[in-house]
2 protein chains.
Amino acid sequence: MTVWLVGAGPGDPGLITAKGLELVRSCDALVYDRLVSRELVDEAPEDALRIAREELSQNEIDDLLVTLGREGLEVVRLKGGDPFVFGRGGEEAIALVKAGIDVQVVPGVSSIAAVPAAAGIPLTHRGVADRVRIFTGHGSGEHVEGETIVVFMGLQNLPRVVESLLADGVAPGTPAAVVSRGTLPEQEVVVARLHELPQAAAELDGPALVIVGEVVAMRERIVPALRNQLGLLAG
Amino acid sequence: MTVWLVGAGPGDPGLITAKGLELVRSCDALVYDRLVSRELVDEAPEDALRIAREELSQNEIDDLLVTLGREGLEVVRLKGGDPFVFGRGGEEAIALVKAGIDVQVVPGVSSIAAVPAAAGIPLTHRGVADRVRIFTGHGSGEHVEGETIVVFMGLQNLPRVVESLLADGVAPGTPAAVVSRGTLPEQEVVVARLHELPQAAAELDGPALVIVGEVVAMRERIVPALRNQLGLLAG
């Protein structure tokens, strides 16, 4: 009689945690986000309730979880990436706590590092970057040397994101990348100087991460030997 | 004949990825860091080579991986957290690429979000924090409102870390936490106002994460219903 907030990872179904997969395989009800892979949904027991989040508002989701929890079911709320990183898992946890329902969090692999990794880009690298700044959209604050910048959901608004980074003092020539559908077989990567990124990435779509910083240039030294075996290291 | 750079996750052995666990279970050689849990090391096949990283320098590790790879073994290099987040995985990847050895990266659950989550602290929360800054030690750059700050390896040097944050414009009264041995049964959490944190956390030791920002205060609304079932949500 617990609602488990479980991170599904960044896309590749192999990147769910061992604990998360075990919970999916034994749940009574699975409530899942649009970006969760079909393979993971199919891991739930045949007779488990499966509910696609899709059309529900955040309030409706909160209410649904409370209702399922009250019915005494083992509920897995499967969320893309990590529940507590731009995942609104905190809101769901608070709603459940308020209703007196037992809630547990099982962290997941966030796109923050996994998506750059899948493109051969380390988030930090000795002598190159030792700090990371992560945000959605624009307005990021002063840029500091040796910093990697990760922008969630930045593709829709890429010209404005780039403009805002330039205004924050990031050099126009800084290496930058957009990774679309990271860790999936359909993954696409575009690399360009920051000021040329909007044009270079104009054709990309889908969920994407923007990465800005000297670490992007490490890619040339890391990618050559990588095969696309896991769907993880495509070029 | 591949060297796999695999993230072991933040501590709790259940937080390795399904793919990572599968690789550990079928490898010929396992090279693991000090902070990797015994349970995971024990998952390697009985006849697999097991090499504790412990006493080796980074150069020696790079050479060892190249040597094992050249012998045609399936090698798992199991690293705490995520290989590319303060993990020096990039250096190992580059050494292997240079030597012409096939290398693959399997991202892991980084402490960045999992350790705060294990203490009931969401890294981001709607209306509270929509950006995150991560660094080791001190000297972080200008503070921006609505930002969560995560400091890796900040406990040894906590007074200086806090001083540097105050100098960057973080308010002395900002909620802050230190989470020691996060996600493990021995987990300890100390919460205090930022300026009082060094004193409050003086007794803590072990690998620890420092978290600063209004999200720390969400903890009071998230923790009450949490049991320590996974070793994940201890108070």
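**Close-up views of aromatic pairs and helix packing**

Over all chains, the structure, a predicted model, holds 2 aromatic pairs.

**View 1. The aromatic pair A:F86 and A:F152 in chain A.** The ring centres of A:F86 and A:F152 lie 4.6 Å apart, and the ring planes meet at 45°. Planes under 30 degrees apart would count as stacked and those over 60 as edge-to-face, with the rest tilted; the pair of A:F86 and A:F152 is therefore tilted. Distant parts of the chain are linked by this pair, since A:F86 belongs to the loop between β4 (75–79) and α4 (89–98) of chain A, while A:F152 belongs to strand β7 (residues 147–152) of chain A, 66 residues apart. A:F152 has a relative accessibility of 10% and counts as buried, the cut-off for buried being under 20%.

**View 2. The aromatic pair B:F86 and B:F152 in chain B.** This pair is tilted, with 4.6 Å from centre to centre and 45° between the planes. B:F86 is placed in the loop between β4 (75–79) and α4 of chain B, and B:F152 in strand β7 (residues 147–152) of chain B. The two residues are 66 residues apart, and their pairing links distant parts of the chain. With a relative accessible area of 11%, B:F152 is buried.

**View 3. Packing of helices α3 and α4 in chain A.** Helix α3 (residues 58–70) of chain A packs against α4(A) at an angle of about 45°, and the axes are 9 Å apart. The crossing of α3(A) past α4(A) is right-handed. On α3(A), the contact is made by A:Q58, A:I61, A:D62, A:L65 and A:V66; on α4(A), by A:E91, A:E92, A:A95 and A:L96. Sorted by class, the contact of α3(A) with α4(A) comprises 5 nonpolar, 1 polar and 3 charged residues.

**View 4. Packing of helices α3 and α4 in chain B.** The axes of helix α3 (residues 58–70) of chain B and helix α4 (residues 89–98) of chain B are 9 Å apart, and the helices pack at an angle of about 45°. At this angle α3(B) is oblique to α4(B). A right-handed crossing takes α3(B) past α4(B). The contact of α3(B) with α4(B) has 5 nonpolar residues, together with 1 polar and 3 charged residues.

Note on methods. Residues numbered from 1 in each chain as written. Chains lettered and ligands numbered in written order. Predicted model: local features only at pLDDT ≥ 70, side-chain atom pairs only at ≥ 80, totals over all residues. Heavy atoms only, no water. Axes fitted to C-alpha atoms, helices over the stretch in contact; angles between N-to-C directions. Helix = DSSP H or I, 4+ residues; strand = E, 2+ residues; numbered from the N terminus. Parallel < 35°, antiparallel > 145°, perpendicular 65-115°, else oblique. Left-handed = near helix turned anticlockwise from the far one by under 90°. Nonpolar A, V, L, I, M, F, W, Y, C, P; charged D, E, K, R; others polar. Phe/Tyr/Trp six-rings, centres within 6.5 Å; stacked < 30°, edge-to-face > 60°. Buried < 20%, exposed > 50% of the residue type's maximum accessible area, 1.4 Å probe, protein only. Contact = heavy atoms within 4.5 Å.
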